[in-house]
Amino acid sequence: MPDHPDGDPPGDDPATEIVLRAPARSLWSDAWRQFRRHRLALAGLGVLVLLTAAVALGPLILGTDPQEIDFDAADEGPSLGHLMGTDELGRDQFVRLLVGGRLTLTVASAAVLFSIVVGLLVGALAGYAGGFVDNALMRLVDVFYSLPGLFVVILLVTLFGAGFWTIVIAIAVFSWMNTARLVRASYLSLKEKEYIEAARTIGVGNIQIALRHILPNALTPVIVSATLGIASAILIESALSFLGLGFQPPQASWGAMLNQSQSAVINQGHWWRGFFPGMMIFLTVLAVNYVGDGLRDALDPRKTQR
Amino acid sequence: MSSYVIRRSLQAIPLLIGISIVIFLMLQMTPGGPLASSEGGGGRATAERTERLRAEFGLDDPLPVQYLNWAGGIVTGDWGTSYNTGRPVLDTITDRLPTTLLLTGLAFLIALLIALPVGIRAATRQYSAFDYASSGLSFVGVSTPSFWFGLMLLYVFSFQLGWLPSSGLEDLRQAHVGLAAVWDRLSHLIMPVAVLALIATAQLTRYVRGSMLEVLHEDYVRTARGNGLPERNVIVRHAFRNAAIPVVTIAVLMIPELFLGAVITESIFAIPGMGRLFIDSADLRDYPVLLGILTIAALLVVVTNLLADLLYGLLDPRISYA
């Protein structure tokens, strides 16, 4: 069976009509079948679903106030009452971790969403317009690739203050280039296809072609890079907050909790203060990386076994 | 070849100009802009003094003219003055550079020393227990936040065991001589280098494994085996030498990443390098120093990219640049 790098549904292929028993399968059901075979990716997906649910619903179910101060229970190690121990103010670390996870995960998702939008716009424009526009935009991508991401994010945050949106935009500004390159490559190859020519001959406008006929087919490679982008966005935000330049108290992302735990861990040996927030970052990033790996295998047309 | 070197190097110039424009625009966004940067005043200047200085420093000139003046300064070594210390930015940075280069260099070396044998072994025994273990570990390594790894190392080796010092580059309480001095320096470097090398080692192991796997299926490897060469010989002389070409490129491209990672490492272990300088300058809003370090890091990216391209051409005889 021929490849379908452009994402044509296999059902349209004349070859499948000859083989009568082959049921029509969409790209997505094919991808899902493939994805399920990657056991670690499946486990990663499970961890992410669980984590998101815990972060979203956990604090409501537990009913503990993450800011509740209880000096009688200060600096306690993990126990049944406080699963992940308490900090120097006696605040329950488990609830704080769940609430902090909301911040970490929303910042990362928002940053990736922004970077995809920018990357799609730049990539589509460059690939569809071609020529001078393409050249200029790709040189811009080169420039942004050469600027050291973490340094610039730190600089932007010191310039404009460490608010939610500043952090989101600072991360997004330095992570759209990969998407732009992928989308441009898709547009370059797709705009030469017969179905685009057909659309043009019946008088479909440029914008309509770029958005309705090319864009959906150019999205597949973006999915993998966006997934992996979430991992790096989490790491950048955590690093920023760990360095004390990101979220400030009382807001506490996982990185910020690590930042506040430093002296407790190093000087007093309260390992739980640092261990659990880092563990959450690690688990999330690991799960995202495995899911990305599974998606790459599942969406790679060369690897699909039918 | 030499004409290729020149042509490829010339291609870096428009890129450098683009980067310098972005950095110049960021400089414009800083409070006080380039004026405060060359005055070292940090915005304390009075209105008429500012007025006078504006004229003197050409800030009423159109932006392109200002850009050319600024870029000329960068090329001739005038990078402005630190708000904090009043010292020239370039001197401030070059003072800190050797420490960061030492950390980066050691971490790079460690990454290579671990990744090459592990990656090769994993590839030659694909789907063995060793392969699964090393693949799993490299996924873990890539996903580990380095600051967390550092913090946990500090807890185990400094707080619990008391084996390694928790900060700085040397024992400040007493001077050591001879072997004790060597151990003093080493003991301060072990944890920072381990933290810095972690992600690079994990990434590099995956690349080495991947490129070895590609090469091992090639005809020339089968031919070498068919000729009855010892397996060791086949792997090292025939397979690895070809697999090494993309690995060298990736390894060179990792140098700027290690350099960036030094920000976090130096911050955890209180090491007075460039990364620490960057964080301290961010706390103090010392924009000239921040932009200076940014410029150095961007230069490093451009230079290593160039180097990777040139090395690729040099190592792969199939590519000719006539």
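Predicted model: local features only at pLDDT ≥ 70, side-chain atom pairs only at ≥ 80, totals over all residues.
1. Extent of the contact. Chain A contributes 34 residues to the contact, and chain B contributes 40 residues. On the side of chain A that touches chain B, the elements giving two or more residues are helices H5 (131-146), H6 (149-160), H11 (220-242), H12 (254-268) and H13 (271-299) of chain A. The most is given by H13(A), with 10 residues.

2. Composition. The side of chain A that touches chain B comprises 24 nonpolar, 8 polar and 2 charged residues.

3. Packing of H13(A) on H7(B). Helix H13(A) and helix H7 (residues 146-160) of chain B pack at an angle of about 150°, and their axes are 10 Å apart. Because angles over 145 degrees count as such, H13(A) is roughly antiparallel to H7(B). The crossing in which H13(A) passes H7(B) is left-handed.

4. Residues in this helix pair. From H13(A), the residues A:Trp271, A:Gly274, A:Phe275, A:Gly278, A:Ile281 and A:Phe282 meet B:Trp148, B:Leu151, B:Met152 and B:Tyr155 of H7(B). By class, this contact of H13(A) with H7(B) holds 8 nonpolar and 2 polar residues, with no charged residues.

5. Helix H5 of chain B. This helix (residues 89-124) has 36 residues. From its first C-alpha to its last, H5(B) reaches 50 Å, close to the 52 Å expected at 1.5 Å a residue. At B:Leu97, H5(B) bends by about 35°.

Terms used
Residues numbered from 1 in each chain as written. Chains lettered and ligands numbered in written order. Contact = placed C-beta atoms within 7 Å. Helix = DSSP H or I, 4+ residues; strand = E, 2+ residues; numbered from the N terminus. Nonpolar A, V, L, I, M, F, W, Y, C, P; charged D, E, K, R; others polar. Axes fitted to C-alpha atoms, helices over the stretch in contact; angles between N-to-C directions. Parallel < 35°, antiparallel > 145°, perpendicular 65-115°, else oblique. Left-handed = near helix turned anticlockwise from the far one by under 90°. Expected span 1.5 Å × (residues − 1). Bend = angle between axes of the 7 residues up to and from the residue.
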